[in-house]
Amino acid sequence: PSSAVHLLVISVMRTIVLFTLVKFVKSCVLHGTDSGVCDFRLDSNYVDKANGWTKWHTRQYRRWHLPNCRWHVKYPACVPEMEDVDPSLPIQSAERWKPKHRIPPNPEFPNGRFQNFTIRNKDLWIHQATQQIINERLGNETSRKLEKKEANEFGEGKCEGDDEQRCKQWPICKSSPSGCHGYPIQPRMYRNQDCQMAFEAYFCYIN
């Protein structure tokens, strides 16, 4: 009897550990903390027949929550966890989805906290940051001011001035291309939609 009890205890402990691991794996790191969740509904092929969720629902869900990154993110992504507060509303409705870990209002925070911690707002921030970086790069690549200075945006020129020390390791520094000179600025995004789209995809992936 004692051995049977011992085996039962071990079995129960294993079940508890497995359940704990499953709950832990559900979370993912977002902004340095386990505040995200792997949302399988963002997978472009996701269906849940048991609950009546079809590919049509998935398309609607992705269009609402990822209006910008949905062209690149077609897999279960790490995002803020959302709560379906009213399934009777259309999928593309702000009132249907609320941040699951939002904190209700209290005397210290009358408006509550984390009310805007949503997938859609995260997607908007990614889009705005991407466009800002692309525009800055386009500005540098077409800058007449930098062209007159014969330097890039960091002040690095043709292996002299601020760039001189870094270029000493390049014997052919004064030959072009040397791999170290800052000027002339190499156009990467100017008139290059493929590069811009690749950067958009990259920024969606890492965020």
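Cys69 is in contact with Asp123, Ile126 and Cys204, leaving aside its neighbours within four places in sequence. This is a predicted model. Cys69 also belongs to the largest nonpolar core, which has 20 residues. Cys69 is among the members that touch the most others, along with Leu42, Tyr61, Leu66, Val73, Trp97 and Ile119. Helices H2 (55-65), H3 (119-141) and H6 (193-206) and strand S3 (77-80) each give two or more residues to this core. The largest share, four residues, comes from H3.

Aromatic rings come next. The count is six aromatic pairs. Two of them are described here.

| Pair | Type | Centre to centre | Between the planes |
|---|---|---|---|
| Tyr75 and Tyr205 | tilted | 6.4 Å | 45° |
| Phe199 and Phe203 | stacked | 5.6 Å | 25° |

Tyr75 sits in the loop between H2 and S3, and Tyr205 in helix H6, 130 residues apart. Tyr75 is partly exposed, at 33% relative accessibility. Tyr205 is partly exposed too, at 47%. Phe199 and Phe203 are four residues apart in helix H6, so about one helical turn separates them. Phe199 is buried at 17% relative accessible area, and Phe203 is buried at 11%. Ring pairs join Trp125, Phe199, Tyr202 and Phe203 into a cluster.

Charges also meet rings. The charged end of Arg120 sits over the ring of Trp64, 3.9 Å from its centre. The charged end of Arg113 sits over the ring of Phe109, at 4.6 Å.

What about Arg96? It lies in the loop between strands S4 (82-84) and S5 (97-99). Arg96 is buried, with a relative accessible area of 7%. Its side chain reaches the backbone oxygen of Leu89 at 2.9 Å. A polar atom of the Arg96 side chain also lies 3.4 Å from the backbone oxygen of Pro87.

Methods
Residues numbered from 1 in each chain as written. Predicted model: local features only at pLDDT ≥ 70, side-chain atom pairs only at ≥ 80, totals over all residues. Heavy atoms only, no water. Buried < 20%, exposed > 50% of the residue type's maximum accessible area, 1.4 Å probe, protein only. Polar contact = N/O pair within 3.5 Å; in protein donor to acceptor, adjacent residues only side chain to side chain. Core = buried A, V, L, I, M, F, W, Y, C linked by side-chain atoms within 4.5 Å. Contact = heavy atoms within 4.5 Å. Phe/Tyr/Trp six-rings, centres within 6.5 Å; stacked < 30°, edge-to-face > 60°. Lys NZ or Arg CZ within 6 Å of the ring centre and 35° of its normal.
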